[in-house]
Amino acid sequence: MSSDPGSLPRRRTRGRGWAAVGWGVAGVLLVAILWEVYKFLGPSEGVVIGAVEGEAGSGVLILPRTHDRAMPHVWSMLIRLGEPTSGGATPPLVVSVAQAAVMTLGMAALGWLIGVAVGMLLGLAMQRWKLVEWGLLPWIVVSQIVPLIAFAPVVNVIGNQIDRSGIPWPQWLSVAVIASYLAFFPVAVGALRGLEAPDRIHVDLMRSYAAGYWSTLVRLRLPASVPHLLPALRLAAANAVLGAVVAEVSIGMRGGIGRMLIQFAGQASSDPAAPWGPMFGSIALGLIAAGSVALIGFGLTKYRRGEAAA
Amino acid sequence: MRLRTRRGLALASAATVTALALAACSGTSDDGDADSGDFEPLTSIKLQLQWLPQAQFAGYYVALDQGYFEEEGFDSVEIVPSGGDIVPQDALVAGDVDFAIAWVPKVLGSIEASGVELTDIAQVFQASGTTQVSWAGDGITSVADFEGKRIGSWGFGNEWEIFAAMAAEGLDSTSVSITNQDFSMNALLDRDVDAAQAMTYNELAQVLETVNPDTGELYTMDDLDVIYYEDTEGAMLQDAIWADTERLDDPAYADAAVRFLKATVKGWLYARDNPEEAADIVYTAATAPGVDAFPVGPTHQLWQMNEVNKLIWTGGDFGVIDEAAWQKTVAGALAAINQQGLHLIESDPPASAYSNDYIQQALDALAEDGVDASGTYTPIEVTLTEGGQ
């Protein structure tokens, strides 16, 4: 026990940090243990109801199969991560996964930036002119009903046409645009709600100061929108990663984690642990994306009173 | 004013096009001139594959690696893989590439559906590599046994041989349950289907690279019944080299086609005589940084090389389209009806859909150089390993 009183709070903070890490590790371990326990106890061929004897593929599988092809041991997946990606002298799977994850993260980040820019502009326009809100908001909501796998190839085709006409349009730009399509939505809605969050009395105060639109926006509305905006940005980050992965798969772009997942899934019979590599990679990707956005929040601590949970 | 400029431009371009067309016509009618180099030879071409780099495309990668393309006067040959994002015949029609590898029935479908003009200038695979794999003892040893069974199929235009073979047995999707299958063999291994579609050079090997939990050893051919579509009425021609029919009137393109085929024949000859080295060349190309093909490991590639060679070297001259096999493919494509009740094609393809002129020129030129591109392949013994690593 130190006699220096100044070191006490710092140590407590550090202790809390370690506790958070501990809980995180415990959570992951718990999932791994549950996986292994079910694999040990569950029937190898799963539980099927309504199967007809002698008819392949009949019935409904209600509990998953537990054999090694369907559920490899956790340690097999980890060992596979250290083995060569494609046999021979190829780099370990974990390296290939990391490279693919960085690629996808880059496209998701670009998609996030586009989405945030578009979402903010929409939010600002809708707050400024009620008519725009009435006209646009329903369409913004409807836009999210369009399935991404239907929308992605359209973006890709348009991108290819632009590319052929002479303006370079690489495939990763299509992926970023598709990712931004998912990312802009929470930002637009969050920005609108945030910008409209100030109390009437505060708006009136600004008006009594004869403050114009811009000073009201900068001094009142934007600071007040932070508690609504931060969760929206986090959601946008998660959506951008999801959008990038789905976009890669549906337009068949190679190099990223989504496409890698599909490619390894095709080898899942003889090498069942391999597809789990990119799966872990995409989980890490989502955490990194959400975590990076959380960093923005640290710079805005004083505006974060009453932040809504996302 | 502006309108007049635009109209003038349109007139000028129309005139240019006409002049070019006339020039092209005169070029072809005068064969002697075309051969003596009346054109600027193409030195840079692109080849579109139908999938990612693997031993299925060994000949082209070998030609690249061994400098056969340079020997035929090409400074640069780019082999463009497809991860399913690029349809080879579409890329060829769009002018993104100069030649493309694609299955004959798929291109016949495109020709009829969108009226594009493409020509099969070399039939690389003379035999079909498609199979339907079931468990030994389940009694599915011929297409007729499909009746009332659950049969896996990939779709995406890979399914027509199944429907053509079924049509020949009087079966269709009302009497046989056709189920979509993914590219792993889990549907068969988990008995979700009675018989799964598999290429001899890929998915069949994947089963044989999987450990049988009952024995702790890899599955063997004794565990399986394999129906080879090549032996059925449904057999269709597969990997072929396609060219743009209209462009073939351009002597420079036609000349490039012949030179490209010469290099390709040499590449495949090398792959026939050195399967280990050829498999290694493809594997190296597929695992090069930035390719992101993530192929199955080296022993799988060697298996694939061995099986692909069997499909190419069936005794005749390399790449020459066999009239009977072509007609059989067309007949199957006309007869096949899929789950949606649709035909692949409803009328005969145009005569321009295949031509032996270019491969014959290539083979003749090679024969002059003392290269014999006929014969058969002596299969090697390939021992598969778990996961193909």
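Residues are numbered from 1 along each chain as its sequence is written, and chains are lettered from A, with ligands numbered from 1, in the order in which they are written. Because the model is predicted, local features need pLDDT of at least 70 and side-chain atom pairs count only at pLDDT 80 or more, while totals for chains, interfaces and linings use all residues.

**Stop 1: chain A as a whole**

Select chain A. It holds 10 helices and two strands. Helices (H or I, at least four residues) and strands (E, at least two) are DSSP runs, numbered from the N terminus. Follow the chain along its sequence and the pattern reads α-β-β-α-α-α-α-α-α-α-α-α. The radius of gyration is 25 Å, well over the 19 Å that the globule rule gives for 310 residues, so chain A is more spread out than a compact globule. That radius is taken over C-alpha atoms, and the globule rule is 2.2 Å times the number of residues to the power 0.38. The C-alpha trace spans about 80 × 75 × 45 Å along its principal axes.

Of the 310 residues in chain A, 36% are buried. Buried means 20 or more other C-beta atoms within 10 Å of the residue's own; exposed means 12 or fewer; partly exposed lies in between, and C-beta atoms are placed from the backbone. Among contacts in chain A with a separation of 6 or more, 71% join residues 24 or more positions apart. Two residues are in contact if their C-beta atoms, placed from the backbone, lie within 7 Å.

**Stop 2: H8 against H10 in chain A**

Select residues 213-251 (H8) and 276-298 (H10) of chain A. Their axes come within 9 Å and cross at roughly 155 degrees. Axes are lines fitted to C-alpha atoms, for helices over the stretch in contact, and angles run from 0 to 180 degrees between N-to-C directions. The crossing angle makes H8(A) roughly antiparallel to H10(A). Under 35 degrees counts as roughly parallel, over 145 as roughly antiparallel, 65 to 115 as roughly perpendicular and the rest as oblique. H8(A) and H10(A) cross in a right-handed sense. A crossing is left-handed if the near helix is turned anticlockwise from the far one by less than a right angle, and right-handed if clockwise.

Now show side chains. On H8(A), the contact residues include Leu230(A), Leu233(A), Val241(A) and Val245(A). On H10(A), they include Leu285(A), Ala289(A), Val293(A) and Ile296(A). By class, this contact has 13 nonpolar, three polar and one charged residues. Ala, Val, Leu, Ile, Met, Phe, Trp, Tyr, Cys and Pro count as nonpolar, Asp, Glu, Lys and Arg as charged, and the others, Gly among them, as polar.

**Stop 3: H3 against H10 in chain A**

H3(A) brings, among others, Val94(A), Val97(A), Ala101(A) and Leu105(A). H10(A) brings residues including Pro278(A), Ala284(A), Leu285(A) and Ile288(A). The contact has 12 nonpolar, three polar and no charged residues.

**Stop 4: Ala210 in chain A**

Go to the loop between H7 (200-208) and H8 of chain A, where Ala210(A) sits. Its phi is positive, about 60 degrees, although it is not a glycine. Ala210(A) counts as exposed, with 7 C-beta neighbours inside 10 Å.

**Stop 5: where the chains meet**

Show both chains. The contact takes 33 residues from chain B and 26 residues from chain A. In chain B, select H8 (186-189) and H9 (203-208): each supplies at least two residues of the side that touches chain A. That side of chain B has 11 nonpolar, 12 polar and 10 charged residues.

**Stop 6: H7 in chain B**

Select residues 160-168 of chain B. Eight of the nine residues of this helix, H7(B), are buried. Among them are Trp160(B), Ile162(B), Phe163(B) and Met166(B). Their cover includes helix H6 (104-114), strand E5 (130-135) and helix H13 (323-335) of chain B. After H7(B) comes Gly170(B), with a positive phi near 75 degrees.

**Stop 7: Phe294 in chain B**

Finish at Phe294(B), in the loop between H11 (275-286) and H12 (298-312) of chain B. Its phi is positive, about 40 degrees, although it is not a glycine. Phe294(B) is buried, with 23 other C-beta atoms within 10 Å.
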